[in-house]
Amino acid sequence: LDRPYHIYIPGVGGTGIITINALLCYAALIDGKFVLSYDQTGAAQKWGPVLSSLVVAPNRDSLTTNKVGAAHADLYLASDVLAGAQPVNLDRCDPAFTAAIINTTLLPTGEMIRDVKNSYPTDTLIDKIDRYTNRSIHVEARRFAEGLFGDYMATNMFVLGVACQSGLLPMNSSSIEAAIELNRIQVKQNL
C-alpha cells in the first residue's frame, strides 16, 4: 500500500455494516497500517440506511479525512443493492477505478412488506451500480449466507469474504481473521 485506500460500505441498519467496518479497521491496525473511519447511522438503527467509510493508509501523514469523498472509493462494498444504487452513495464511485462487490439478493424494505406488489427491479439496480464502477463482482450473498449458515446476518461477512478472496482489501487475510477472533462473535462461522 503506497497511498490511502478508500472503502465505502452502503447498507441497512441492523445487518452488521458497522461491525464489518470495525473488523476492517482492526485488521488494518494489525497489519501496521493507519486508519480513519466514519459510520453514519443517524436514526437508522434497524432497517434504515447506514453508511461506513474507511480510509487505510501506509502512514499517518497521508490520512486527511475519515470519510470517503466523491469519486474516491477504491472499493464499494454494496452489501445492500438498493442502498448501493442510491445516487448519494454512487457519487463515491469513479468508473475509472472503483471496484465493487454487489450483494444481488434484495433485502425487503418496509414498503415491500406492507405492499407485496411493491418491488424493485434488481437487475436495473445492479446495472446502475455497474455504470459507476470500473469492475464489479455480483454475488447472491444473502441467499448463500442463509443456505450455508441458516442466518441472513452472515450476509455482510460473506460479502467481506468475497472482497478478501478477490484481492480487493489492502490488508492481509490473516489480519482479518485475527480481527474476527478479537471480536469474539460467531468466530467459527465467520472464519
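**Notes on the salt bridges**

1. R92 is worth a look to begin with: its relative accessibility is 12%, so it counts as buried. Here buried means under 20% relative accessible area, exposed means over 50%, and partly exposed is in between, using a 1.4 Å probe and protein chains only.

2. Quick background before going on. This is a predicted model, where local features need pLDDT of at least 70 and side-chain atom pairs count only at pLDDT 80 or more, while totals for chains, interfaces and linings use all residues. Residues are numbered from 1 along each chain as its sequence is written, and side-chain values use heavy atoms, with hydrogens and water left out.

3. How many salt bridges are there? The count is five, taking a salt bridge as a side-chain nitrogen of Lys or Arg within 4 Å of a carboxyl oxygen of Asp or Glu.

4. Back to R92: its side chain forms a salt bridge with D91, at 3.5 Å from N to O. D91 is partly exposed at 34% relative accessible area, whereas R92 is buried.

5. Another of these pairs is R143 with E140, at 3.1 Å from N to O. R143 is partly exposed at 44%, and E140 is partly exposed at 34%.

6. Now try E146 and R142, whose side chains also make a salt bridge, 3.1 Å from N to O. Where do E146 and R142 lie? Both are in helix α6 (residues 141-149), four residues apart, which is about one turn of the helix. Helices here are DSSP runs of H or I, at least four residues long, numbered from the N terminus. E146 itself is partly exposed, at 34% relative accessibility.

Definitions and conventions
Helix = DSSP H or I, 4+ residues; strand = E, 2+ residues; numbered from the N terminus.
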